[in-house]
Amino acid sequence: MRLLGAGSTVGAGSAAAKPTPSPAPSPVRDETVQPETRSTYRLLVSRGLAPDEAATLTAFLCGIPVGDGRWSIRQVNQLLFLKAMVQSGRFGPSDGGTARPH
């Protein structure tokens with residue numbers, strides 16, 4: 001933040017006080033960054049949540065719709081893995097849907 005038009009009463013030859021720089025703006029949260037699911041889950045369980053409640057809250061924090069269902073931490077991690085594969089282009093609509101003969 002710069003001060004414009006601020007007058008100085010400091011006499012000639014004396015050191016003027018330098019304005020302190022304003023802190024750097026806080027970074028914008030990247031929507032692709034996910035919390036560490038296992039550590040979040042363990043923290044929630046240690047704070048008294050039941051395992052399915054902790055997993056469902058972890059899913060919610062990761063942006064997974066929760067609705068009326070319950071999630072397991074394994075399901076949350078599997079879904080996040082598949083989501084990352086789709087976003088990277090390594091998994092698509094024709095992958096994994098039906099069994100193919102060998």
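This is a predicted model: local features need pLDDT of at least 70, side-chain atom pairs count only at pLDDT 80 or more; totals for chains, interfaces and linings use all residues.
Before I come to the chain itself, let me say how a helix axis is drawn here: an axis is a line fitted to C-alpha atoms, for helices over the stretch in contact, and the angle between two axes runs from 0 to 180 degrees between N-to-C directions.

Residues are numbered from 1 along each chain as its sequence is written, and side-chain values use heavy atoms, with hydrogens and water left out.

Let me begin with the whole chain. Its secondary structure comes to 3 helices and 0 strands, and from the N terminus on the elements run α-α-α. The chain has 102 residues, of which 16% count as buried, where buried means under 20% relative accessible area, exposed means over 50%, and partly exposed lies in between, with a 1.4 Å probe and protein chains only. When I speak of contact, I mean heavy atoms within 4.5 Å. Among contacts between residues at least 6 apart in sequence, 25% join residues at least 24 apart.

Now to the helix pairs. Two packed helices are described by the angle between their axes and the distance between the axes. How do α1 and α2 pack? Helix α1, residues 37-46, and helix α2, residues 51-61, pack at an angle of about 135°, and their axes are 9 Å apart. That makes α1 oblique to α2, on a scale where angles under 35 degrees count as roughly parallel, over 145 as roughly antiparallel, 65 to 115 as roughly perpendicular and the rest as oblique. The crossing of α1 and α2 is right-handed; a crossing is right-handed if the near helix is turned clockwise from the far one by less than a right angle, and left-handed if anticlockwise.

On the α1 side, Thr37, Thr40, Tyr41, Leu44 and Val45 meet Pro51, Ala54, Ala55, Leu57, Thr58 and Leu61 of α2. The residues of this contact divide into 8 nonpolar, 3 polar and no charged, where Ala, Val, Leu, Ile, Met, Phe, Trp, Tyr, Cys and Pro count as nonpolar, Asp, Glu, Lys and Arg as charged, and the others, Gly among them, as polar.

Not counting residues up to four places away in sequence, Val45 touches Pro51 and Ala54, and its C-alpha atom is separated by 8.9 Å from that of Ala55, 10 residues apart along the chain.

Turning to α2 itself, its buried residues are Ala54, Ala55, Thr56, Thr58 and Ala59, and they pack against α1 and α3. Is Thr56 buried or exposed? At 10% relative accessibility, Thr56 counts as buried, and, leaving aside its neighbours within four places in sequence, it is in contact with Val66, Gly69, Arg70 and Trp71. Just after α2, Gly63 takes a positive phi of about 90°.

Helix α3, residues 73-87, has 15 residues and reaches 21 Å from its first C-alpha to its last, close to the 21 Å expected at 1.5 Å a residue, the expected span being 1.5 Å times one less than the number of residues. In α3, Ile73, Val76, Asn77, Leu80 and Met85 are buried, and these buried residues pack against α1 and α2.

Finally, α1 and α3 pack at an angle of about 155°, with their axes 10 Å apart, and they are therefore roughly antiparallel to each other. The contact is made by Thr37, Arg38 and Tyr41 of α1 and Ile73, Val76, Asn77 and Leu80 of α3, and its residues divide into 4 nonpolar, 2 polar and 1 charged. Thr37 is buried, with a relative accessible area of 10%, and, not counting residues up to four places away in sequence, Thr37 touches Thr58, Cys62, Ile73, Val76, Asn77 and Leu80.

Methods: Helices (H or I, at least four residues) and strands (E, at least two) are DSSP runs, numbered from the N terminus.
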